[in-house]
Amino acid sequence: MEIITEHLAGILSRSQEQDGKETKRQALLLVTMAKSEADTLVETYLGQQGPPFSDNGSAVPQSKIKDLPSLERSSLPSSPWKRLALSLSAFSSLSEWLASVLLWQRSLNPKAWELLNLLEIAENNSRAVSSNLATILGRQDISSPSLTTLSTTIKKKVAGYMVCKSFYEWLSQTERDLVILLAESSV
C-alpha cells in the first residue's frame, strides 16, 4: 500500500509540474502576442497625437508620471520570480492607466479607430497578463493604486505615450522572465 501511495504522489507531483509549465507556456504566448501589438500601439499612438509627437526625427516629450509603474532594469531583483511579482503589480496598475488613456483618446481623437482599437486590446491584454501572472504566482488579484488626475491635453498626450511605452517595456521584461522560468522547469 505504501508503494502505491508513493507512486501516486509521484504522479501527482509530475502532473502539477506539467500543469505549472503549461501555465507558464500559455502566459508566455500571451505576453509575446501582446508585446507585438504593443509595439504597434506605441507607433500608432505617436502618429495620432500631432506635432511634436508625430514629427519624424523629433524627440517625443517625456515625463515621469506619478503612480505610473516605470521599469528601471538596474534596480530589478535578480530572481525572475521576484521580477514576476513586480510585473504583476505593474500590469494591475497599467490596466487602469490604459483604460484612462482610452477614455482620453476617445475625446482627443475620436476618429482614430485603429488607435482606439489597439488601446482597448492593450487594456484587455494587460488584465489577462495580470490574471495569468497571479495564477503562476499563486496570488489573488492585486489592487491597483489610484491614478494621478491630468487636466491638460498635452499632459494627457504625454502620459498616454508614457503608458504605452511602459506597457511595452513591462511586456518585454515579463517575456524574458517567463523564458527563463520555462527553461528552468523540468521536462
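R83 has its place in helix α2, where helices (H or I, at least four residues) and strands (E, at least two) are DSSP runs numbered from the N terminus. The model is predicted, with local features needing pLDDT of at least 70, side-chain atom pairs counted only at pLDDT 80 or more, and totals for chains, interfaces and linings using all residues. Residues are numbered from 1 along each chain as its sequence is written, and side-chain values use heavy atoms, with hydrogens and water left out.

**Exercise 1.** Determine whether R83 is buried or exposed, and describe its surroundings.

*Solution.* Begin with the accessible area: R83 counts as buried because its relative accessible area is 12%, the classes being buried under 20%, exposed over 50% and partly exposed in between, with a 1.4 Å probe and protein chains only. Next, list the contacts (heavy atoms within 4.5 Å): apart from neighbours within four places in sequence, R83 meets L76, P77, S78, Q173, D177 and I180. Finally, look at the polar side-chain atoms of R83, one of which lies 2.8 Å from the backbone oxygen of S78.

**Exercise 2.** Describe the span of α2 and the cap at its N-terminal end.

*Solution.* The 29 residues of α2 reach 39 Å from first C-alpha to last, which is close to the 42 Å expected at 1.5 Å a residue; the expected span is 1.5 Å times one less than the number of residues. At the N-terminal end of α2 the cap is S79, with a side-chain oxygen 3.2 Å from the backbone nitrogen of W81.

**Exercise 3.** Find which residues have the most contacts inside the largest nonpolar core, and which element gives the largest share of this core.

*Solution.* A nonpolar core is a set of buried Ala, Val, Leu, Ile, Met, Phe, Trp, Tyr and Cys residues joined through side-chain atoms within 4.5 Å. The largest one here has 49 residues, and F91, L119, F167 and L171 have the most contacts inside it. Two or more residues of this core come from each of α1 (2–48), α2 (80–108), α3 (113–137) and α4 (153–184), and α4 gives the largest share, twelve residues. Taking F167 in turn, and not counting residues up to four places away in sequence, one finds that it touches A38, F91, L94, L98, A122, N125 and S126.

**Exercise 4.** Characterise how α3 and α4 cross, and name residues that make the contact.

*Solution.* The axes of α3 and α4 come within 12 Å and cross at roughly 35°, where axes are lines fitted to C-alpha atoms, for helices over the stretch in contact, and angles run from 0 to 180 degrees between N-to-C directions. The contact is made by L119, A122, N125, S126, V129, L133 and I136 of α3 together with C164, F167, L171, T174 and L178 of α4. Just after α3, G138 takes a positive phi of about 70°.

Terms used:
A polar contact is a pair of N or O atoms within 3.5 Å; within protein, one must be able to donate a hydrogen and the other to accept it, and residues adjacent in sequence count only if both atoms are side-chain atoms.
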